[in-house]
Amino acid sequence: MRLQSCRLRAIDAGNLILEIKRNFRTTCRVPDYGCKGRESRPRQLHLQQSLQSIDLSDFEPQPQPSFSDVGERIFAECPEFRIRQVNLEAGETLSLASGEQPRILSIVAGALQDLRCERRLRPADNALVPFVADSQLRAACASTVLITENFHNS
């Protein structure tokens with residue numbers, strides 16, 4: 001059986017990973033340095049299936065240069081979605097209007113206060129901003145947020 005090509009990845013300690021992908025029924029695991037699954041048991045490995053499915057010619061794109069200026073940039077874009085990086089100064093407000101599109105906010109650094117519900121978002125927090133909701137977020141300190149938007153089903 002030939003599985004769909006997979007990309008082998010390794011993640012070191014101290015990294016914050018934002019992975020956006022389509023759901024597939026198959027996950028192939030190679031040795032993962034003692035990571036535990038449910039109930040703190042070792043996760044099942046799929047060595048043979050992994051070797052059959054890894055496309056060794058598929059390389060990661062080059063890392064993005066850092067961007068620390070206040071403002072925004074397109075961080076990543078593909079046919080299915082776009083990710084914007086927004087860097088805010090303390091006290092600055094990020095406004096997202098309803099009726100445009102749903103968005104996923106991913107806090108990378110700092111803290112944002114949701115002015116609608118008084119919820120505080122911290123690094124590694126994610127929030128869904130539905131199509132029908134306005135969102136007003138104020139940076140409690142210098143903050144970085146990734147906004148995933150422009151979703152297209154292809």
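Contacts between residues 24 or more positions apart account for 61% of the contacts in the protein with a separation of 6 or more, a contact being heavy atoms within 4.5 Å. The structure is a predicted model, in which local features need pLDDT of at least 70, side-chain atom pairs count only at pLDDT 80 or more, and totals for chains, interfaces and linings use all residues. Residues are numbered from 1 along each chain as its sequence is written, and side-chain values use heavy atoms, with hydrogens and water left out.

**Overall make-up**

The protein has one helix and nine strands, and from the N terminus on these run α-β-β-β-β-β-β-β-β-β. Helices (H or I, at least four residues) and strands (E, at least two) are DSSP runs, numbered from the N terminus. The accessible surface comes to about 11100 Å², and 51% of that belongs to carbon and sulfur atoms; areas come from the Shrake-Rupley method with a 1.4 Å probe, and for residues only the protein chains shown count as cover. Of the 154 residues, 26% are buried. Buried means under 20% relative accessible area, exposed means over 50%, and partly exposed lies in between (1.4 Å probe, protein chains only).

**The sheet**

Five strands form an open, antiparallel sheet in the order β1-β2-β9-β4-β7. At its edges are β1 (71-77) and β7, each of which pairs on one side only. From one strand to the next the twist averages 25°, with axes taken as lines fitted to C-alpha atoms (for helices over the stretch in contact) and angles running from 0 to 180 degrees between N-to-C directions. Two strands are said to pair if DSSP finds at least two bridges between them. Between β1 and β2 (residues 82-88), which run antiparallel, there are six bridges; G71 has N87 in β2 as its bridge partner.

**Salt bridges across the strands**

The structure holds six salt bridges, each defined as a side-chain nitrogen of Lys or Arg within 4 Å of a carboxyl oxygen of Asp or Glu. A network of them links E72, R82, R84, R103 and E149.

| Pair | N to O distance |
|---|---|
| R84 and E72 | 3.0 Å |
| R84 and E149 | 2.6 Å |
| R103 and E149 | 3.2 Å |

R103, in strand β4 (residues 103-109), is 46 residues from E149 in strand β9. R84 in β2 and E72 in β1 are 12 residues apart.

E72, at 46%, counts as partly exposed.

**A surface patch and a buried histidine**

I104, L128 and F151 make a nonpolar surface patch of about 270 Å². Patches are made of residues with over 30% relative accessible area and no salt bridge; like charges are joined within 9 Å, and nonpolar side chains (Val, Leu, Ile, Met, Phe, Trp, Tyr) within 5 Å. L128 lies in strand β7 (residues 126-129), and L128 counts as exposed because its relative accessibility is 62%.

H46 lies in the segment before α1 (47-53). With a relative accessible area of 15%, H46 is buried. H46 and P31 are 15 residues apart in sequence, and their C-alpha atoms are 8.7 Å apart in space.
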